[in-house]
Each structure stands twice: as C-alpha cells, then as structure tokens.
Amino acid sequence: MKKIAVLTSGGDAPGMNACIRAIVRAGLFHGMEMVGVRRGYDGLIEGDFLPMDSHSVSNIIQRGGTILKTARSEKFRTKEGLLEAKKRLEDANIDGLVLIGGDGTFKGALAFSSVTNIPCMGVPGTIDNDLYGTDYTLGFDTALNTVIDAVDKIRDTAASHDRLFFVEVMGRDAGFIALNSGVGCGAEDILIPESKTDIAQIISRLEDGWKRHKSSCIIIVAEGDIEGGAYEIARKVKEKFNHYDTRVTVIGHMQRGGSPTCFDRVLASRLGVAALEGLLNGQTHEMAGLINNHIVFTPFAQTRKHNVDINEGLLRIAHILSA
Ligand code: F6P
C-alpha cells in the first residue's frame, strides 16, 4: 500500500479535524502518500482529491467542523455513483481509504465493496453516539458539554421566572445525548425514544415536585422521542398541568459545532491512528472504537445502531436524583 485517502461523511462532528490530522500524520509517519477527499462520497465520485502533507493538518486539532467538508451523498447510493467512485480511485492510484462518519458512512462502504475490493477502515464520527462497537463516538462529549452549557443558562431564566422548560436536544432516533446531558444538568425528567413517553407519568412527577415547592423545572427531550418533539410534549402536558409558565427551547445545530473537548481530541487521535494502522496491517471494513478504554475493531456490518442498548440505569439515576 502506497497511497491512502481520508474523507469525512454524514453530519459534521467536533473532533473530525483532530482525527483527519491523526490519520494524515500517522500515514506520513509510516511512509504513505496521503490524500484528502472533499465533501465525503460526493467528492469521491467527482475525484475531488487534494494532496495532504503534515503542514496541511497544522492548527486544526482545536477546530470544529471538518476541513475536508462533508455531505450525505445521494449519488453514492446508486450503482452508477459507486462505479464512478471506483474509477476515480483507480485513476488516482489510491489503494486504501479511511472513513470518518456514522452508520450511513459505513453502510456506504459496504455498498462500495460490491464494486471494488479497495480496503477501507472507519472511525466513528457523529455527535449521536449511536454506533455499536465503541463506548464513545467523536463529537458526543463536545455536544454534551454544549448542551450542559446551554441548559445551565436556561436554568437561570427558569429559576428567576419560576418556569418549566422543555429543552429539545439532537440525537436523531437515539436518546444518548438527552440521557447523558439530562443527568449532567440535573434535569427533572428525560424523555428518550428508547423508553415509552407517558404524559400522565410526566405530569405525576411534575405534581410531586410542585407539592415539594419546586419552583422551576427542566425536562430534556430527545428530538426523536415523539412526533412533534418538545413542542408537542409541552402542549400535551399543558392541557392537564398548568402550574408553571412553560417554555420550549430547541438547541439545534449549536450541538454540532464548536471546538472539541480534550476528550474528543484524544479519542480522535487514538482512533485515527488505530484505523490507519489497521489498514496497513491488512484489516478492512472495520471501525476502530474504544471499549473500556481499549481499542476494539468491529466489522462495519455490526456497527448499526439497532445493536446499541441505552443505559437504563442512567434514567433511574436521573429520576432518583430529581425526586
Ligand atoms: O447525526 C447528527 C445529527 O445532528 C442528528 O442529531 C440530527 O438529527 C441530524 O444530524 C440533523 O441533520 P442535518 O444537519 O442534516 O439537518
């Protein structure tokens, strides 16, 4: 193997740049020629490649987003797109790929293997933390800290005005961001898609708090919890429980941006080097992850999120601590 390409795909996540840096520098360390692919799989199809040296990844470890840009490619889902990408890689003499992204990215790599046997290794990059085969994905920790910071500020208003706030956080159809940020900010309740949302139960908890003279409350809602999200839950709760002045805040894409935490930078560095070295060791179609602080490789086919269990214990802790 002589020439390796790296790309970021799917939603951007803090830590992707730190990971690009790790992959490029580790490749150069092992004598490889390194190439960046712009705009994920779309760039692969269009041959949007740029040579990368050590200097090209200087001063990016602290930056959010991805210097390579990213995309959710529709064309890569077609046979035509896959064949075009294969030709571009062959024309550029690229003989290995490192992919940073989520389950859509790894699904794309599996589809790609139907037209080419180019080796590919992956790094989990998504704020949602919804991949099997790693305790943490790149960007999850930073997103949590962004949520905590936002909710701490919202709590100032909630406490000053005696209000009930429903705060909606990202996570697509998974509740990891909601669950962990909810415990971290001492939320009165946490609503996630993995556990059934029962309006009567939410009201019963709020009533208990009201009786104990709780003057304000924060309820964290995962965006995938119910159709209509936090607005719909707030509406349903207000129909039957109206003691508090109620507001809804959707934190939104703020959660995807910003400088990565130290945790995400270290994770990105470890997983980037592991994926690159895995590729050089002859591994393919595996994601480098971190389980119990050890590097573990999981076949792309097993990284799908339906294999991930939510930590029910955390939900219990949240309810005990807010009672
Ligand atoms: O997968 C990351 C994520 O931010 C999800 O939490 C969210 O549902 C989705 O991407 C939003 O995607 P987009 O930026 O394409 O609207």
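What you are looking at is a predicted model, where local features need pLDDT of at least 70, side-chain atom pairs count only at pLDDT 80 or more, and totals for chains, interfaces and linings use all residues. Residues are numbered from 1 along each chain as its sequence is written, and side-chain values use heavy atoms, with hydrogens and water left out.

Let's start with helix H8, which covers residues 229–240. Helices (H or I, at least four residues) and strands (E, at least two) are DSSP runs, numbered from the N terminus. Gly-229, Ala-230, Ile-233, Ala-234 and Val-237 of H8 are buried; buried means under 20% relative accessible area, exposed means over 50%, and partly exposed is in between (1.4 Å probe, protein chains only). What do the buried residues of H8 pack against? Their partners are strands E6 (163–169), E7 (189–191), E8 (217–222) and E9 (245–250), plus helix H7 (199–211), with contact meaning heavy atoms within 4.5 Å.

H7 and E7 turn up again in a charged pair. Arg-205 and Asp-189 meet in a salt bridge at 3.3 Å, N to O; the term stands for a side-chain nitrogen of Lys or Arg within 4 Å of a carboxyl oxygen of Asp or Glu. This pair links distant parts of the chain, with Arg-205 in helix H7 and Asp-189 in strand E7, 16 residues apart. Arg-205 is partly exposed at 27% relative accessible area, while Asp-189 is buried at 3%.

By this rule there are 18 salt bridges. One of them joins Arg-256 to Asp-12, with the closest N and O atoms 2.9 Å apart. Here the partners are 244 residues apart: Arg-256 is in the loop between E9 and helix H9 (262–280), and Asp-12 is in the loop between strand E1 (3–8) and helix H1 (16–29). Both Arg-256 and Asp-12 are buried.

Glu-84 and Arg-88 also form a salt bridge, at 3.5 Å between the closest N and O atoms. They are four residues apart in helix H3 (residues 79–91), so about one helical turn separates them. Glu-84 is partly exposed at 30% relative accessibility, and Arg-88 is partly exposed at 32%. Elsewhere, Arg-38, Arg-39, Glu-46 and Asp-48 are linked in a network of salt bridges.
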